[in-house]
Amino acid sequence: MFESVLITIATAATPLLIAAIGELVVERSGVLNLGVEGMMIMGAVTGFGVAITTGSPWLGVFAAVLVGAAFSLLFGFLTLTLVTNQVATGLALTLLGLGISGMIGEAFIGMPGLKLGPIAIPVLSDLPYVGRFLFAQDPLFYISILLVAGVSYFLFYTRAGLTLRSVGDNHDSAHALGIRVVAVRYAAVAFGGACAGLAGAYLSLVYTPQWIENMTAGRGWIALALVVFASWRPWRVLAGAYLFGAVSIGQLHAQVIGVSIPSQFLSALPYLATIVVLVLISRNRRLTMVNTPSCLGRPFVPAR
Amino acid sequence: METQRDGEAGGLLDVRGLTKVFGTLKACDAIDLTIDRGEIHALLGENGAGKSTFVKMLFGALEPAAGTIGWKGRQVTIPTPGAARRLGIGMVFQHFSLFEALTAAENIMLSLDEKAPIMQIAERARALSKTYGLPLDPFAHVGDLSVGERQRIEIIRCLLQKPDLIILDEPTSVLTPQEADKLFDTLETLRDEGKSILYISHRLEEVKRLCDRATVLRHGRVVAHCDPRQETAASLARMMVGNDVEAVSRPADAGGAHEALLEVSGLSRPAANPFAVPLREIRLTVRAGQVLGIAGVAGNGQGELFEALSGEALQEHAGVVRIRGMDCGRLSISGRRLLGAGFVPEERLGHGAAPHMRLSENLLLSRHATDGKSLLGPLGTVREGALTAAAERIVETMDVRMSGTDPEAAALSGGNLQKFIIGRELDRQPAVLIVNQPTWGVDAGAAARIRQALIDLARSGSAVLVISQDLDELFEISDAIAVMHDGRLSAPLPIAEASFEKVGLLMGGAAPGHTIDNALDNATEQA
């Protein structure tokens, strides 16, 4: 029982985690991309479509990553090259993604999908209590954990990560040091898009292997909230994703055992938690200063 | 390698006809300037004379509209700051070049092309900082540091790049005389090693002492090339300003017993964050008609003291700070302003003024509580007419020069914005005025004007407290000088008894008999 609950929590948390860790990198570079929901749903429909056409879920995953990145580069071109407003462009990207995916996905409605099966690691998966949770999961679960570790290492222990953080902190100074601000941001945006695409593929190839219109159901927005919740720290994103995952699963289990908490309240919980965390972190000026990218959402136009 | 090839001419930099136009304003108009190897070259000029625009073109941050840059005998274009650094041009900026969320070592690492590990860079920075007497904690977050400490990082960062030409923009503004001396030694050593330095400063004495040649700019044009050693400070100032700079005059105090307008007793404050300085039992009194100067090396608690006095940070007990005899330790900034106090913080942009709001709006922001009756209508509506008139009055009185009417604060040069911010407080005739770094980065003409205004305010019966790292300034305007070190304030020295040496020793934290070097070492260890 305990272990199966853990596994369902992981299934709910993984797409949030993947999308949020991508967005974290984007925001650390100083760009606010509100189009996560749109990129995710594009990934979901692409992943599903390519998987059933080719018969290979892995090809589906790959295509979803590419489409997510390509879709985010549209955002990048608009906000970084044409310097449009990031908030408005991000919202437009979400609406565009929802619309296009609905159109493409029309043909897939009701079709049986392909599922990316779990990979059990021998011996380790037989461990009591946590063996199946940690070592007999779908491949994207492992990737999500590796992503967190990789992003954390990249941001805080590599020179490229330092460069990315510097661009998010003060793009004028970065420019003055000869860092190519726009190029760094393009790369970050593309990475964020690829992650969102991957998260979408998780939904349509692992979570519920079929295509349902609007199947992201607001997870992109939760991912965005998660980044703030985690105060832009990768490992806190992991904790936050599992917390939010647990809340949404807890809601189902609560209904089963007859505890009636309004489901609307539980759906609102992640956002409520984010607000509480925002209040808590803003009490610590130093923490806020060190972790919040101060150029977040600000357009960069170098004086020439 | 190139040094070997065309070293015989001695010419390092040869700029001809460099021009930059912003809209209708010619910020730089056909500027010629040459720098030889092993030369310290001064670039003089008032704020707005085009110095910053010129060096930004040299550093690849701005693109020239016309003109050529010759570098080591070759004509070059410098499209980006990265290109400038690769050519061997390093720059110590005055603004906008450090990352607040990163540590000092990370800031330094970003500007180096080599891929050394951070610990090694931190170690080199620490060693270099020790050599040059610029104490530096490589792992402090820049956001927690004062202006002076940030400047140390900039200097160290530039030196680590091993450039052939170093551009220094007002490097000594925040150093103690002893620290400045050490920096001059460093610069002279660098010159002896064959490096060249382009030195921007408003401090003419310093330029006379240090620089081999000088180029003077006024309104975007070169008005003179000269040898500063052959000139007097007055003649240099005349070239910069175009006419004589009026010396600041400090009429003698009228004498008699004056009322104490600002009294602070037993002011202590724990450090707000791990890098801040706690205040320890600060005690001071400023009487009507008096200017009290507070000297000290950056980051010894001056910022914390200002916050405590202005009401940005409240005290435990109301009686700790008294303005005009009223306990106000628990009052907010507006509450203290209503008692007749005025405050000018250190940072002009972001603290003293909202950068992207107009001057009139900035005026309303600081005076809505005290002058609500004249500036606001009955329903809290803004009286545009009265507000604009007040802003224009300040602009006129303080001779603030700007383009257009009522521009955004950020559009003004540093000196002009500072004149406006000080004028905004003076306009109210405050009984108590507390100013932090009144003329940091301000040109000679504007600085003289600001200093004279502070003295005049005191002589008209107000109490003026000036926190400054510029000792020349404090000696020019103060009736007494106290020194802050490590959150403690010394007893005030009457100006007649104060000397640079005495104050300098107190700034280093040394009791008589100790040397400054010991004090600096202690500071490094503490940091």
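What pattern does chain A follow when read along the sequence? Chain A follows the pattern α-α-α-α-α-α-α-α-α-α-α-α-α, and its secondary structure comes to 13 helices and zero strands. Helices (H or I, at least four residues) and strands (E, at least two) are DSSP runs, numbered from the N terminus. The model is a predicted one, in which local features need pLDDT of at least 70 and side-chain atom pairs count only at pLDDT 80 or more, while totals for chains, interfaces and linings use all residues. Residues are numbered from 1 along each chain as its sequence is written, and chains are lettered from A and ligands numbered from 1 in the order in which they are written.

The radius of gyration of chain A (taken over C-alpha atoms) is 19 Å, close to the 19 Å of the globule rule (2.2 Å times the number of residues to the power 0.38) for 304 residues, so chain A is as compact as a globular protein of that length. Its C-alpha trace spans about 60 × 45 × 40 Å along the principal axes. Buried residues, those with 20 or more other C-beta atoms within 10 Å of their own C-beta (placed from the backbone), account for 47% of the 304 residues of chain A. Two residues are in contact if their C-beta atoms, placed from the backbone, lie within 7 Å. Among contacts in chain A between residues at least 6 apart in sequence, 80% join residues at least 24 apart.

Chain A meets chain B through 19 residues of chain A in contact with 23 residues of chain B. On the chain A side, helices H7 (159–169), H8 (171–176) and H13 (285–291) each supply at least two residues, and H7(A) gives the most, with six residues. By class, this side has six nonpolar, six polar and seven charged residues; Ala, Val, Leu, Ile, Met, Phe, Trp, Tyr, Cys and Pro count as nonpolar, Asp, Glu, Lys and Arg as charged, and the others, Gly among them, as polar.

Turning to chain B, its secondary structure comes to 19 helices and 21 strands, and 52% of its 527 residues are buried. An open sheet of four strands in chain B has the order E2-E1-E4-E5, with antiparallel pairing; two strands pair if DSSP finds at least two bridges between them. E2 (25–36) and E5 (74–76) of chain B stand at the edges with a single partner strand each, so one side of each is left without a neighbour in the sheet. Strand E1(B) (residues 11–22) is joined to E2(B) by eight bridges, and B:Leu18 stands opposite B:Ile31 in E2(B).

Strand E8(B) (residues 196–200) is largely enclosed by the rest of the structure, because five of its five residues are buried. On one side these are B:Ser196, B:Leu198 and B:Ile200, and on the other B:Ile197 and B:Tyr199. E8(B) pairs in the parallel sense with E3(B) (residues 40–44) over four bridges, where B:His41 has B:Leu198 as its bridge partner. Five bridges join E7(B) (residues 165–169) to E8(B), also parallel, with B:Leu165 partnered by B:Ser196.

Among the helices of chain B, the contact of H12(B) with H14(B) is made by B:Leu359, B:Ser360, B:Leu363 and B:Leu364 of H12(B) and B:Leu387, B:Thr388, B:Ala390 and B:Ala391 of H14(B). By class, this contact has six nonpolar, two polar and no charged residues.

Key: Buried ≥ 20, exposed ≤ 12 C-beta atoms within 10 Å, placed from the backbone.
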